[in-house]
Amino acid sequence: KTCVQLVMELAQPGLSLTVVGYNIVQEDGCQPFVSYAILVTRGSESFTIQRRFRDVRELLHPQVGKPHNVKCPSRHFFSSMSDEELAETRKNELQSYFRQLLRIPNIERSREFIDFFRQA
């Protein structure tokens, strides 16, 4: 799809972002990471994308959230938390962060916003 088509689709009334779940991914020889499933709904259409918490902190927040003074979810390194507890905590924080982003006027027209939430 062209950039204009994506802007028009995301700009439809009723855009919502819902963190619907997560998977703890363990790849050979690497540290485990969490991939979050984000349901993107606009009008009557919806699709799910997978994004890492690190992607939000390193790609989305500096370009979209920070300039609008939206607080990014913090990195937690609590040794007392299990992977599941940490993933659930971050899931809730990401949901809150996305709600705050959607309150920014015309954010859905931002190129960085569109690129982050586009379907791969």
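Visitor: How many aromatic pairs does the count come to by the rule used here?

Guide: The count comes to five aromatic pairs, where rings of Phe, Tyr and Trp (its six-membered ring) pair if their centres lie within 6.5 Å, and where planes under 30 degrees apart count as stacked, over 60 as edge-to-face and the rest as tilted.

Visitor: Why is the pair of tyrosine 22 and tyrosine 36 called tilted?

Guide: The ring centres of tyrosine 22 and tyrosine 36 are 6.0 Å apart and the planes stand at 55°, so the pair is tilted. Tyrosine 22 belongs to strand E1 (residues 16–25) and tyrosine 36 to strand E2, so the pair ties together parts that are 14 residues apart in sequence; here helices (H or I, at least four residues) and strands (E, at least two) are DSSP runs, numbered from the N terminus.

Visitor: What kind of aromatic pair do phenylalanine 116 and phenylalanine 117 form?

Guide: Phenylalanine 116 and phenylalanine 117 form an edge-to-face pair, with 5.0 Å from centre to centre and 80° between the planes. Tyr97, Phe98, Phe113, Phe116 and Phe117 form one aromatic cluster.

Visitor: On what are these values based?

Guide: This is a predicted model, in which local features need pLDDT of at least 70 and side-chain atom pairs count only at pLDDT 80 or more, while totals for chains, interfaces and linings use all residues. Residues are numbered from 1 along each chain as its sequence is written, and side-chain values use heavy atoms, with hydrogens and water left out.

Visitor: What makes phenylalanine 117 count as buried or exposed?

Guide: Phenylalanine 117 has a relative accessible area of 1% and is therefore buried, as buried means under 20% relative accessible area, exposed over 50%, and partly exposed in between (1.4 Å probe, protein chains only). Phenylalanine 116, at 7% relative accessibility, counts as buried, and tyrosine 36 counts as buried at 1%.

Visitor: Which residues touch the most other members in the largest nonpolar core?

Guide: Of the 26 residues in the largest nonpolar core, Tyr36, Val40, Leu60, Tyr97, Phe98, Leu101 and Phe117 touch the most other members; such a core is a set of buried Ala, Val, Leu, Ile, Met, Phe, Trp, Tyr and Cys residues joined through side-chain atoms within 4.5 Å. E1, E2, E3, helix H2 (53–65), H3 and H4 each supply at least two residues of this core, and the largest share, five residues, comes from H3.

Visitor: How do you know that strand E2 and strand E3 are joined?

Guide: Two strands pair if DSSP finds at least two bridges between them, and eight bridges join strand E2 (residues 33–42) to strand E3 (residues 45–52), which run antiparallel. Valine 40 stands opposite phenylalanine 47 in E3. E2 and E3 form a hairpin with two residues between them, and glycine 43 in the turn has a positive phi of about 60°.

Visitor: What makes glutamate 88 and lysine 91 a salt bridge?

Guide: The closest N and O atoms of glutamate 88 and lysine 91 are 3.9 Å apart, and a salt bridge is a side-chain nitrogen of Lys or Arg within 4 Å of a carboxyl oxygen of Asp or Glu, so the pair qualifies. Both residues lie in helix H3 (residues 83–102), three residues apart, about one turn of the helix. Glutamate 88 counts as partly exposed at 31% relative accessibility, whereas lysine 91 is buried, with a relative accessible area of 17%.

Visitor: Which residues are linked in a network of salt bridges?

Guide: The network links Arg111, Asp115 and Arg118: the side chains of arginine 111 and aspartate 115 meet at 3.6 Å, N to O, and the closest N and O atoms of arginine 118 and aspartate 115 are 3.7 Å apart. Arginine 111 and aspartate 115 both lie in helix H4 (residues 111–117), four residues apart.

Visitor: What sits over the ring of phenylalanine 33?

Guide: The charged end of arginine 52 sits over that ring, 3.8 Å from its centre; the term requires NZ of Lys or CZ of Arg within 6 Å of the ring centre and within 35 degrees of the ring normal. The charged end of arginine 51 sits over the ring of phenylalanine 116, 5.5 Å from its centre.

Visitor: How many disulfides does a search of the whole structure find?

Guide: The search finds zero disulfides, a disulfide being a pair of cysteine sulfur atoms within 2.5 Å.
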